[in-house]
Amino acid sequence: MKKKRKIWLLSILSILMLIASACGQEKNNSTSADAKESDKTIRIGYQKFGTLNILKSKGSLETHLKEVGYTVDWTEFPAGPQLLEALNVGSLDFGHTGEAPPIFAQAANAPLVYIANQPANPSGEAIVVQKDSPIKNVKDLKGKKVGLNKGSNVHYLLVRALEEAGLTLGDITPVYLPPADARAAFEGNQIDAWIIWDPFLSAAELELETKTIRDGEGLVANREFFLTTDSFAGNEEALKIIKEELIKADKWIEENPGDVAEFLSPEIGMSVEALEKTLKRKEYGLEEISIPFWMINKRLPILFTILN
C-alpha cells in the first residue's frame, strides 16, 4: 500500500512539474514574442518642421514599413540637442538634426551613426532684431542679450558671426531658450536679438517684421542630418525603407511647396505663408553619407573646439 501511494505521489509530482515547466515555457515564449515585437518597433524622433515631420503627417512611412512587419513610434522634440540626448540614452532609434548638435553629442561619446543629409541651407537661419532696433550689425551686439537654443546649429552660427565681427561669446550675454520661449522673450523685449532657424525664422520675418543683421551665407552650411545609433544601424531593411520614403517626400516638397505648406499648416500650427517661404528658401536632394563613421568621428575634437 505504501509503495503504491509513493508511486501515486511521484506521478502527481511529475505531472505538476510538467505543468509548471509548460507554464514557464509559455511565459518565456510570451516574453520572447514581446521582445521580438519590441524589436520591430522603430522609435523615431522628429522636430516641429522637417522631412520626417511630413512623413509622419502623410503616414506613408508607416505603410511601407508595415509591409515588412515594422511599426513606428513617433516623438516630437523642440530641437536637435534634446533629440540627440534621447538617441544617446537609447530612447530613440532614428532622428534628424542640424550639423552642430551631433558634434556636441559625439564629444560626449554618444553612439551616433550618420545615414544621410540634406543640401546646405545657410539662409535658413539668421540673427534677427526688432524692426526699430538701433542694432545694425553683429558688432552692435556687444553687451547685448542674445536668445538662442544652446548646442544647436544657431549656436554655431552665433560663434562664427561673432568671430567675423571681431567679438567672442564673452562680449555678449547668451540667453539659452528653446524656440517658443525665445520668441516670447523676443516679443517681450527681454532679449535684444534672436538667432533662429526656419520655419521659426520665416514666421518671425512675416509676423514680427524682424530685421536680419546676419544669416549663415558664407559662414555655415546649415545642413540637416539623419542619424541612427550603433545598435540600430544593422537594421538595413528598415533604414533602406526610411531613406526611400525620405527621397520621395523630398521630391514632393520640391515640386509642390504651396501644397505642402497648406498640408502642413494645420498639422504644426504655423501659417501657410511662413511654411511656403521656408520651403522655397531651401535646396533639395537627399545625399547618402558614404564616408566611414570613424573618419567623421576623428574630426570631432577640432569642431568641438571651434564651437566652444
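Guide: A residue counts as buried here when its relative accessible area is under 20%, as exposed when that area is over 50%, and as partly exposed in between. The structure above is a predicted model.

Visitor: Is Asn121 buried or exposed, judged by its relative accessibility?

Guide: Asn121 is found in the loop between β4 and β5, where it touches Ala221, Asn222, Arg281 and Lys282, leaving aside residues up to four places away in sequence. Its relative accessibility is 12%, and the limit for this class is under 20%. Because 12% falls below that limit, Asn121 counts as buried.

Visitor: Which residue's side chain is joined to that of Glu224 by a polar contact of 2.6 Å?

Guide: Glu224 sits in the loop between β9 (211-215) and β10 (225-229), and at 14% relative accessibility it counts as buried. Setting aside residues up to four places away in sequence, Glu224 touches a group of residues that includes Gly50, Thr97, Asn117 and Lys282. The side chain that makes the polar contact of 2.6 Å with Glu224 belongs to His96.

Visitor: What kind of aromatic pair do the rings of Tyr46 and Trp74 form?

Guide: The model holds six aromatic pairs in total. For Tyr46 and Trp74, the ring centres are 5.8 Å apart and the planes stand at 80 degrees. This pair links distant parts of the chain, with Tyr46 in strand β1 (residues 41-47) and Trp74 in strand β2 (residues 71-77), 28 residues apart. Planes over 60 degrees apart fall into one class, so the pair is edge-to-face.

Visitor: How far apart in sequence are the parts that Tyr114 and Phe225 tie together?

Guide: Tyr114 and Phe225 form an edge-to-face aromatic pair, with 5.4 Å from centre to centre and 80 degrees between the planes. Tyr114 lies in strand β4 (residues 112-117) and Phe225 in strand β10, so the separation of the parts tied together by this pair is 111 residues.

Visitor: Which element gives the most residues to the largest nonpolar core?

Guide: The largest nonpolar core has 36 residues, and those with the most contacts inside it are Ile127, Val138, Leu141, Leu158, Trp194 and Ile195. At least two residues of this core come from each of β5 (125-129), β6 (145-148), α6 (153-164), α7 (179-187), β8 (193-197) and α8 (200-207). With six residues, the element that gives the most to this core is α6.

Visitor: Is Glu163 buried or exposed?

Guide: Glu163 forms a salt bridge with Arg160, and the closest N and O atoms of the two are 3.4 Å apart. Both residues lie in helix α6, three residues apart, which is about one turn of the helix. Arg160 has a relative accessible area of 22% and is partly exposed. Glu163 stands at 52% relative accessibility, and because the limit for its class is over 50%, Glu163 counts as exposed.

Visitor: Which helix holds Lys277, the partner of Glu205?

Guide: Glu205 and Lys277 form a salt bridge whose closest N and O atoms are 2.8 Å apart. The pair ties together parts that are 72 residues apart in sequence, because Glu205 lies in helix α8, whereas the helix that holds Lys277 is α11.

Visitor: What is the N to O distance in the salt bridge between Arg223 and Glu287?

Guide: At 27% relative accessibility, Arg223 counts as partly exposed, and Glu287, with a relative accessible area of 33%, is partly exposed as well. The side chains of Arg223 and Glu287 meet in a salt bridge, and its distance from N to O is 3.5 Å.

Definitions and conventions: Residues numbered from 1 in each chain as written. Predicted model: local features only at pLDDT ≥ 70, side-chain atom pairs only at ≥ 80, totals over all residues. Heavy atoms only, no water. Helix = DSSP H or I, 4+ residues; strand = E, 2+ residues; numbered from the N terminus. Buried < 20%, exposed > 50% of the residue type's maximum accessible area, 1.4 Å probe, protein only. Contact = heavy atoms within 4.5 Å. Polar contact = N/O pair within 3.5 Å; in protein donor to acceptor, adjacent residues only side chain to side chain. Phe/Tyr/Trp six-rings, centres within 6.5 Å; stacked < 30°, edge-to-face > 60°. Core = buried A, V, L, I, M, F, W, Y, C linked by side-chain atoms within 4.5 Å. Salt bridge = Lys/Arg side-chain N within 4 Å of Asp/Glu carboxyl O.
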